[in-house]
Amino acid sequence: MRSKINDDYDLNEAWIESMIDEQPKQRTMLNLTSQGEADIDLDLKTMRENGQQTPKAGSGLALMVSATDIIPQDGAPHVGRSTPIQLNVVTPDQLLILLER
């Protein structure tokens, strides 16, 4: 996943919010370059091996990049979010059927 994030008041931190079906969101922190660029690989196999929850066939996966700026508004940090990306997890057979359509 690659992102370019910028803000008039500079960035404080950025992360990926992921949600499997209706489960609570998981946060994966991003390392930003000085130009606000982030590049991260989300390897589901490695995540599963490390004991993290991963989607199974039939599940939905939502991903969104979020960030806060340095200057808080009204005493609270301002959080900006990208448009969510919705993915459906399918088996190889289900993928072939979808591709044939």
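The largest share of the lining of the largest pocket, 7 residues, comes from β5, and β1 (2–4), β5 and β6 each supply at least two residues of that lining. The model is a predicted one, in which local features need pLDDT of at least 70 and side-chain atom pairs count only at pLDDT 80 or more, whereas totals for chains, interfaces and linings use all residues. Residues are numbered from 1 along each chain as its sequence is written, and side-chain values use heavy atoms, with hydrogens and water left out. Strands (E, at least two residues) and helices (H or I, at least four) are DSSP runs numbered from the N terminus.

The volume of this largest pocket is about 270 Å³. A pocket is defined on a 1 Å grid over the protein atoms alone, as an open set of points where a 1.4 Å probe fits, with protein on both sides within 12 Å along at least five of seven lines, and its lining residues have an atom within 4 Å of a point. Grid points are joined across faces, edges and corners, and the volume is the space filled by probe spheres set on the points. Of the 20 residues in the lining, I5, V65, A67, G80 and R81 lie nearest the centre of the pocket. By residue class, the lining comprises 8 nonpolar, 8 polar and 4 charged residues, where Ala, Val, Leu, Ile, Met, Phe, Trp, Tyr, Cys and Pro count as nonpolar, Asp, Glu, Lys and Arg as charged, and the others, Gly among them, as polar.

The second largest pocket holds about 190 Å³ of space. It is lined by 14 residues, with L42, L44, M47, L61 and L63 closest to its centre, and β2, β3, α1 (44–49) and β5 each give two or more residues to this lining. The greatest contribution to the lining of the second largest pocket, 3 residues, is that of β2, and the lining divides into 10 nonpolar, 4 polar and no charged residues.

The largest nonpolar core consists of 11 residues, namely I5, A14, I16, I20, L30, A38, I40, L61, L63, V65 and A67. Such a core is a set of buried Ala, Val, Leu, Ile, Met, Phe, Trp, Tyr and Cys residues joined through side-chain atoms within 4.5 Å, with buried meaning under 20% relative accessible area, exposed over 50% and partly exposed in between (1.4 Å probe, protein chains only). At least two core residues come from each of β2 and β5, and β5 gives the most, with 4 residues. Leaving aside residues up to four places away in sequence, L63 touches M1, I16, E17, S18, L42, T83, P84, I85 and L87, a contact being heavy atoms within 4.5 Å.

Two loop residues were also examined. D21, in the loop between β2 (11–20) and β3 (26–30), has a positive phi of about 50 degrees although it is not a glycine, and counts as partly exposed because its relative accessibility is 36%. P77, in the loop between β5 (60–69) and β6 (79–81), is exposed, with a relative accessible area of 52%.

Overall, the chain contains 2 helices and 7 strands, running β-β-β-β-α-β-β-β-α from the N terminus on. The radius of gyration of the chain is 16 Å, well over the 13 Å that the globule rule gives for 101 residues, so the chain is more spread out than a compact globule; the radius is taken over C-alpha atoms, and the rule is 2.2 Å times the number of residues to the power 0.38. Of the 101 residues, 26% count as buried.
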